[in-house]
Amino acid sequence: MRKEKSMKNWKKIMAMVCAAAMIGGVSAPVWATDDTETATEAAEVTEYTYDMLEKEAYEGTWLSFEPGFDLYVPSDWEVLEVSEEDQKEHGLMFQAKAPDDSGDNMVVTATDIGKDYDTDKMKTELETEETYTDIEKVIINGIEAVVFNTDVTYGLAFLDDDGIMYNVQMGELSDENAEIAQNLFISLRVTETTDDGAAEETAE
């Protein structure tokens with residue numbers, strides 16, 4: 001029952017994220033990795049690594065998020081305030097928007113969906129909903145994740161061992177934003193394990 005309620009709550013949050021796209025001190029956790037994959041299963045999963053990151057795609061800044069992961073975010077995007085209500089009710093951790101009137105923006109949320117879920121179950125759950133397309137399980141710099149599209153955003157979701165799902169969404173869908181979103185997602189990395197050292201800024 002708790003699992004079903006958690007996923008229903010997550011779907012509500014996903015709906016909120018999509019709507020947002022249309023209108024414009026914790027120790028690092030152990031991330032879900034592909035250690036339990038068989039050789040055959042692993043061969044079927046697309047893997048992205050740090051050396052595939054194209055920093056020329058946009059001028060970016062490394063942001064470090066408190067749970068222990070980093071993202072390479074466009075430097076000229078305006079970071080928006082996250083209210084306590086949005087943090088508590090929607091799990092919103094971060095939001096930013098493009099400097100122009102395009103309506104392009106990104107959000108990062110955290111949702112407790114329980115330890116019974118892994119990326120395979122998360123992928124299967126998404127596949128039951130018509131809202132999500134181009135759903136694929138991937139490995140990004142050693143972190144298991146699921147990438148997908150909604151009607152208006154590009155999405156990336158991944159889990160930690162405490163049953164927290166982190167959801168990164170960027171939109172709106174367009175040929176230009178597809179390159180930015182891909183680069184943003186490929187930049188996902190665990191803090192303090194990269195050659196570059198610590199991220200330049202901390203996302204608040």
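Let's start with a word we'll need a lot: a residue is buried if its relative accessible area is under 20%, exposed if over 50%, and partly exposed in between (1.4 Å probe, protein chains only). Helices (H or I, at least four residues) and strands (E, at least two) are DSSP runs, numbered from the N terminus. What you're looking at is a predicted model, where local features need pLDDT of at least 70, side-chain atom pairs count only at pLDDT 80 or more, and totals for chains, interfaces and linings use all residues. Residues are numbered from 1 along each chain as its sequence is written, and side-chain values use heavy atoms, with hydrogens and water left out.

Now for the neighbours of E9. Two strands count as paired if DSSP finds at least two bridges between them. E8 and E9 run antiparallel and are joined by 5 bridges, with Val146 standing opposite Ala157 in E9. These two strands form a hairpin with 3 residues between them. With E10, E9 pairs in the antiparallel sense over 7 bridges, and the partner of Gly155 there is Gln169. E9 and E10 make a hairpin too, with 4 residues between the strands, and in it Gly163 takes a positive phi near 85°.

Step back and you can see the whole sheet. It is open, has 8 strands in the order E1-E7-E8-E9-E10-E6-E5-E4, and its pairing is mixed. Strands E1 (46–48) and E4 (78–79) stand at the edges with a single partner strand each, so one side of each has no neighbour in the sheet. As a rule, strands of a sheet pair through backbone hydrogen bonds, either parallel or antiparallel.

Further along, E5 (residues 92–97) and E6 (residues 105–112) run antiparallel, joined by 5 bridges. Leu92 has Thr109 in E6 as its bridge partner.

What packs on the sheet? H5 has 12 residues and reaches 17 Å from its first C-alpha to its last, close to the expected 16 Å, where the expected span is 1.5 Å times one less than the number of residues. Among its buried residues are Ile180, Leu184 and Phe185.

On the way from E10 to H5 there's a loop that holds Glu172. A cis peptide bond joins Gly171 and Glu172, with omega about 10°.

A few other spots are worth a visit. Asp134, in strand E7, has a positive phi of about 50° although it is not a glycine. Asp134 is exposed, at a relative accessible area of 58%. Asn141, in the loop between E7 and E8, also isn't a glycine and has a positive phi, near 50°. Asn141 is partly exposed, at 24%.

Finally, look at the loop between E5 and E6, where you'll find Pro99. Pro99 is exposed, with a relative accessible area of 55%. Yet Pro99 touches Asp76 and Trp77, leaving aside residues up to four places away in sequence. The C-alpha atoms of Pro99 and Asp76 are separated by 6.5 Å, though 23 residues lie along the chain from one to the other.

Technical notes. Contact means heavy atoms within 4.5 Å.
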